[in-house]
Amino acid sequence: MIEVQQLTKRYGDTAAVNDLSFTVQPGRVTGFLGPNGAGKSTTMRMILGLDTPTSGEVLVNGRPYRGITSPMREIGALLDPKAFHPKRTAYDHLRWIARAGGLPRTRVDEVLDIVGLADVANRKAGEFSLGMAQRLGIATALLGDPPILLLDEPVNGLDPEGIRWIRSLLQRLAREGRTVFLSSHLMSEMEETAEHIVVIGRGQLIADANIEDFTRNSTSSHVRVVSPRSSDLVPLLRQAGAAVVEAQEALTVTGVESGWIGRIAAEHGIELHELTPRRASLEAAFMELTGDSVEYRATAASTLETMEVR
Amino acid sequence: MMTAATLEHTTATAQGREVSFRDTLASEWIKLKTLRSTYITLGLGFSLSVAATGLFAMAVGNTYDGWSEAQQASFEPLMFAMVGNVIALIVATVFGVMTVSGEYANGMVRQSMIATPRRTRVLWSKVLLVFGITTVLGLATVTGMFLVGQAVLGAYGLPTTSLEDPDALRLVIGLGAATPLFPVIGLALGFILRSTAGAITAALALLWLPLVFNDMLPAWAQENILTLLPGQAVDSFTIAHAVDVPTNSPPLVGVVLVIGWLTLFLGSAQLLLRRRDV
């Protein structure tokens, strides 16, 4: 379990992380989301005792990181897949880390097998592709067989097969009762992998919720209704406070559950050809919620056009 | 949801033995021995120094007959153990710096501090290893330089000395044993400055500049200011018996000065390592 309590980190006048509080629970995959510069990496570094908070604290299984005697056995981390010496073999890289963590050398072979790098263990790490380096980083995190995993963008650089592999690995680890905490930009993948998400923006907590709840409350969640008597249905829906957008083919209804729509239609004898609840994608819900906390945003294309004209 | 089996599993792994200093030391040793550049660097330090000494001795041998009487009278075969030593010192210092600065450059330092949250263990294991390795390198190199130098001089029929001469032996051991000072200072500078270029520049400046400025300065400056610097201080108790220069202090003073410099550098490194973000 990771407990973040009123965590603040200032660099000069700016707060990279501002009064952040959340708990990451075991037994499920928790995603850590936020725009670039939101403070995710800073938070993760503070969890691992690399950066010292300005105020507040973070506890790993009840203790601050720097007070843990065998940290690699309690929490495994992947921060930067390229943090190795390029001329050292993957095997030797894991070897020094295992030794530093007080772990037996046999663990090196074991984790190399788990991540599928056993065949290239004696190649220099500098020859690895980004995807292979990611796997090496994941192997590093797994060395101590820890009950907590902390991964910063682990999917970055993996091909679709690799993404699927890590998804099933993380979910399996969560099912074993471990705490799995990963940050990612890949919304669609996060949606598939995580059950719970912590969303931050500009260093502050925006949401700490189940993915279901998070997306359900987004305005993009709607129900698609197709009925030959939609003109009769629409006023009934609007009366109940739902917002209805009529298009040629279908109605887009927000504000009421699909089950309720079905019941109302049945009560009034209105035939329904389609009744499809569409949950907002995580990406849509996320953009909606964090839209104004993005620090650096690319110029919209239209602005570029006007610039050219001048 | 934690089943009994997984609970047992996680508690068991968490109960592994505590990470000890020996673990950190062993991991630092693995870092060094699994890189080819370690062997190349140390090997080059040795061979270039010995080769330089040999070449210098050949130059002396070839030109000796052209020397004036006064120059020939002042010829001292013992000095030939020292000629190439500056090469070994530079290589050893760079080696000391890079055991630290390399990790900051490629980001490995974070992994080191994640594995070893008691960060000063990393500092002190590196110090121990660099001290040991550069001492061995220093002794081997000076011995090699001495033997090669004397052999070449002998081949030219010039007066030589041997390790059976107690003065020669003292010089060789003293010079070799003084080797680790700048590598360890360089290591500390690596943690302080967190930059390869910065730390190498600073360490070599401290090693080199006093030698450069020595002759430009008046005697009182040599005797009172330069003499306080680490290189000059360590010479005071390792080779002062053979090399009489104004920058020598009494041996005990030299020891105290060296301890003071090491405390300053290593103490600062330890403080900054503990306090700063990685």
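Among contacts in chain A between residues at least 6 apart in sequence, what percentage join residues at least 24 apart? The share is 70%, where contact means C-beta atoms, placed from the backbone, within 7 Å.

## Model and numbering

This is a predicted model, in which local features need pLDDT of at least 70, side-chain atom pairs count only at pLDDT 80 or more, and totals for chains, interfaces and linings use all residues. Residues are numbered from 1 along each chain as its sequence is written, while chains are lettered from A and ligands numbered from 1 in the order in which they are written.

## Chain A

Chain A has twelve helices and 13 strands (DSSP runs of H or I, at least four residues, and of E, at least two, numbered from the N terminus). Of its 310 residues, 43% are buried (20 or more other C-beta atoms within 10 Å of the residue's own, C-beta atoms being placed from the backbone).

Leaving out residues up to four places away in sequence, A:A139 touches A:L94, A:V111, A:L112, A:I114, A:V115 and A:L117.

## A helix pair in chain B

The axes of α5(B), residues 85–106, and α10(B), residues 196–214, come within 9 Å and cross at roughly 155° (lines fitted to C-alpha atoms over the stretch in contact, with angles from 0 to 180 degrees between N-to-C directions). The two helices are therefore roughly antiparallel (angles over 145 degrees).

Methods. Two residues are in contact if their C-beta atoms, placed from the backbone, lie within 7 Å. Angles under 35 degrees count as roughly parallel, over 145 as roughly antiparallel, 65 to 115 as roughly perpendicular and the rest as oblique. A residue is buried if 20 or more other C-beta atoms lie within 10 Å of its own, exposed if 12 or fewer, and partly exposed in between; C-beta atoms are placed from the backbone.
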